[in-house]
Amino acid sequence: MGNCANNNINKSSFFFHSEKLRKVKRMKYLYLLILLPFLHQLIFSYAPLYGIIISFKDFKFARGIWGSEWNNFQNYKMLFEDSFFIRAFFNTLKLSISSLAVSFPSTIIFALLINEIGKIKFKRIVQTISYLPHFMSWVVIATFIYQLLSPENGFLNSVLLRLGAISEPIYFMGLKRYFVPMYLISGLWAGIGWGSIIYLSAIAGIDISQYESAQLDGANRFHKAIYITLPGIMPTATVLLILNLGSILSVGFDRIFNLYNPLTYEVADVISTFVFRKGLMEAKYDYAAAVGLFQNIIGFTLVMMTNYFARKFNDYAIV
Amino acid sequence: MLRKRLKMFTIIILVIFIISGCTQVAKENKNTGTSTGNEQQPPAPTNEKIEISWVSWNCGDIEDGNFVEKKLEEKLNLEIKVKKVDLSKTQQVDLMLASGEMPDCGWIFKDPRDMYYSQELTRTVPVDMIRQYAPMYSKLIDDYPLLWKINASNEDKNELIALPGCNPSGTDGQYYFSSFYRYDWLQKFGIKPSTPVEMTSDRIYVTEKGFTLDEFKVILDKFVNGDPDGNGVADTYGMIGYTGANSWRTIQRAFGFQDGFSMEEEGKAIMPYSSQKYKDYIKYVNSLYKNGLVDKEILTLPADKFFEKGTTGKAGYFCNTANLLGEWAEARPPLSILKNVPESTILMTPGQLSSDGSYGTMIYNTSPVYNNFFIRNDVSDEKLKRILQLFDYASLDEEGSMICWWGEEGTHYDIDPATSTPVKKENVTANGKIGFGVFAQYVRNERIAGWFQDSMFKATGKYTIGKDALWTKNMYKPYKLDLFNETKLNEYNKTYGSNIGTIVSEFFANAIIGEINVDTEWDAYIKKLNDNGYDKIVEELNKAPLYADLIK
Amino acid sequence: MRTRTVLRKSISGTIFDCFNATFMILFCISILFPFWDMIVLSFTPSDKVNTLSIKLWTDTWVIDSYKYILSDTKILTAMLVSIYRTVAGTLIHVVLVVFAAYPLSKTDIPYRKQMTIFFLIPMFFGGGLVPSYIINRYLGFVDNLLVYIIPGAFSVYVMIIVRNYFMTMDKAIEESATIDGASVLRILFSILIPLAKPVLATIALWQMVGQWNSWFDCLIYMRSEKKIVLQMILRRMLDNTSMMPEEIRQYAETQPGFIQFNSKTVQAATTMLVVLPIICVYPFLQKYFVKGIMLGGVKG
């Protein structure tokens, strides 16, 4: 047993200590396994972190990161005093949140719908086709959107004119009020298929006997979907939601860049495109680093917050 | 207990973090190179083989040991290493500079003041050295004395912070923004320009002066509504163009300004986008747009779609550079129109005629400077001498420039006996194996510039080539220009430029399609500009010298 | 193969099925439209090209674009490089992820919370391009094929998903194996991994697609033409000049050697070439999904 100290706490902590050591010994191969990813993280994720310092300095190429002078939060000041950055920030939030709010339930519903398809062959075909857009770059997709919404001979305008709903073609891509709907719908169209893959896999993992007993209790298809399938994929959904909140301020550059233009800057200009235009004048790594850190902090806070709430209400969390 | 462990854990992380960061210091100091090391070397005899690293345009797919590189190494007793960076990819360039990988020398698309004063990446070159080791270049620059002054260092007027490129064709007609009309349509409607029309090449016509704004409006109207292609369907466009300012330059000219150039209003220098003339211009364009005389998609159309639209032959007018009359632009309008529509003919005019009779669009380069050649900050004088020799030889030497642009006679090109100009051989395509256009770049005298002027373009020479050409005499020049960086103008442009640009393009676009009313929104627009630094820019602008004085 | 014991006699059920099927068909058509347009474009002769509107048919079908691409050794090499990075990158990634996910899935492993936090932090914070470039350069990754698979060999996001999956798997099998004397490693390889095929298939699919579509690291790190990926070639064709400032573009286009006019048909054919292989991967993985994956939550 070894030396026991006089008071109880020490006694129990010592006991605890040796128990722990024994565990570590037993699981030593596990630690060996995790060593490899650990090293990888160290080298490729932790080491570059010193770059965060760039955002606090007046970065001069010739002096490098360490040689450049501290500039007293100048970069951050410039950022927060810039009304265009603030506009971009709010646009990013708006687009990101509405995108999440729309695509989240839609993807789940889409997964449920696909699940309801009876004929296996048809189901497979639909699935495969549904995720084709994921493989097209936004440059290509944007071309089609422009064609579709073109004020001359575009499909949508022709249909609306023919139906008599409008008397003159609408210049969709040039009007602010259509940007957000266009962004959301095109995002849904492109992402719903790919996004549903993980839910479909989760659905396939639900215990079949649950369905059978529900059937005996008189549940119809709708009931089954709502009371069995849906709760069955909730854990997955929650985890994904939390993880995706971390990137809430990272609205993709490609997508916006190919879809926006000066007419829609006011609602479409997001942080990534704003930084891009600023970078055209001069590559300011320090400024971009400040923006990056800002985005990271917000993402981190959001995830931690949601994780906390998720754990309280749901028992499902990531930490 | 748990807290203690957490603390220990955090400390370990921080330590690792700091250590990994510190190890970077050592590497970075090595990479950026301190300027103290090289003075210790004894002066080497000039025919010793030394190594020079180089970067410039066309280095994206360059291969080691390419033809031109080998030839130069042979002739000048050098070892040349070309840096494989594609200058058109700004990310690669910036990363190269930021991570200390800049080669010994090269043509880089950066502002010399930025490179030298802000980023401290380059060194100065004494004028005497240039005269001694790059004599042909010096002679060329002597024709444009401004070039000696432009890159002069603030500390010593006899040292340049970068070698300016010199491209005379940049100041004459090649990049001249011109109006292109379907001449056969004009003829169908009986519309004639005020000056005589001359045919310079097959089916290409040029005239000295363009149309007035009122005439222009009528023309566009006829193009759209008059069924010019006679097929009974209203499927023709008036004016087409693409995103950005360039499609509008000819129209802007008629109002007396050009986008990007400072102008005078009531004795003060301002940028055009805050002037009364600009206001009139927007209203005019809006009236064109409203009546369907301009392609509805003009504000969002990318350049390649614009070319396609033009190629269909359904458009009557567009504005673009005069050098479209060249083999390189065969797949673009106007040449593609000529190809696809056999009965078409093209009329080229300068900008629309303004009420005071002036019509020239902008000078593409406000000075003959075209780009800059930089030397890295730790390059020794010995190496610099060899670099200058290479530079001179490749750019201007009769033999050197032929090698760098055309290759080897017989293998890559032949001399056309009639015109005694080189002609590329059939199956020779410029690529990384050969290395054309890497060592000779932006330094061109008239002989070299002539190679790049297509015969179709040369045929319009009376109007476009040379200081005394009809259009060149009329080119629009800025009112005030801070060429020598004597004010804070360039600095302010960098800081405020992006936001001001956003404000201007948003206002323009919304006003054109009629989303906002120019008259009522004007004051708010000006105020927004001033809130975002425009007033500072105007102040600096007025401190700058007059362009007319500079160019003397 | 699941058997359905559901009786589908209800009317509301059939109506729903009709609407569902119609919706799915319309949705699929809306996706096939642009896709088909691109296929048609890739077979169109280059002088008949008109991309201003969607074309569903062309009068003459030619394979010139494909011939051109497949005869260009550059594209063939790039395809090989892309295949290499997809296969090797995915393998390394899955291995590393499992190596981290498995230990962390054991709720009783000492220092679990600390290790999890260690992995989580970099998911939110990054140092940016410049330090990563400097580090990778120091490691010799510039113009090196390894840069495609090593820096990106681990992803915390994916690791968490796999970890959660392991945690929800039936403990009974593991417990009985332990009692039988199997070592921790043995349990991992012989028991857990075969059972975890669905989640591993999912992450493998994600990684394969990600690797196949990557081009940015190619842009930054690669110098020799022999080592670039297919996606990079496509990128070059598609956004040739749109990202360039206008002044540079005006000049650039008249230079010898500049890829001035990229035939739209070649662009379309290359897009096809890039998209098709990866689409074919999914059906092969589908069989792993049938057994099911259950991404459970974590309690505490």
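## A helix in chain C

Let's start with helix α9 of chain C, which covers residues 197–213. Its 17 residues reach 24 Å from the first C-alpha to the last, close to the 24 Å expected at 1.5 Å a residue. Helices here are DSSP runs of H or I with at least four residues, and strands are runs of E with at least two, numbered from the N terminus; the expected span is 1.5 Å times one less than the number of residues.

Because 12 of its 17 residues are buried, α9(C) is largely enclosed by the rest of the structure. (Buried means 20 or more other C-beta atoms within 10 Å of a residue's own, with C-beta atoms placed from the backbone.) Among the buried ones are C:P198, C:L200, C:M208 and C:W212.

## About the model

This is a predicted model, where local features need pLDDT of at least 70 and side-chain atom pairs count only at 80 or more, while totals for chains, interfaces and linings use all residues. Residues are numbered from 1 along each chain as its sequence is written, with chains lettered from A and ligands numbered from 1 in the order written.

## Chain B at a glance

Chain B has 23 helices and 17 strands, and 46% of its 552 residues are buried.

## Where B meets A

On chain B, 35 residues are in contact with 32 residues of chain A, contact meaning C-beta atoms, placed from the backbone, within 7 Å. Helices α1, α3, α4 and α20 of chain B each supply at least two residues of that side. The largest share, nine residues, comes from α20(B).

How values were computed:
Two residues are in contact if their C-beta atoms, placed from the backbone, lie within 7 Å.
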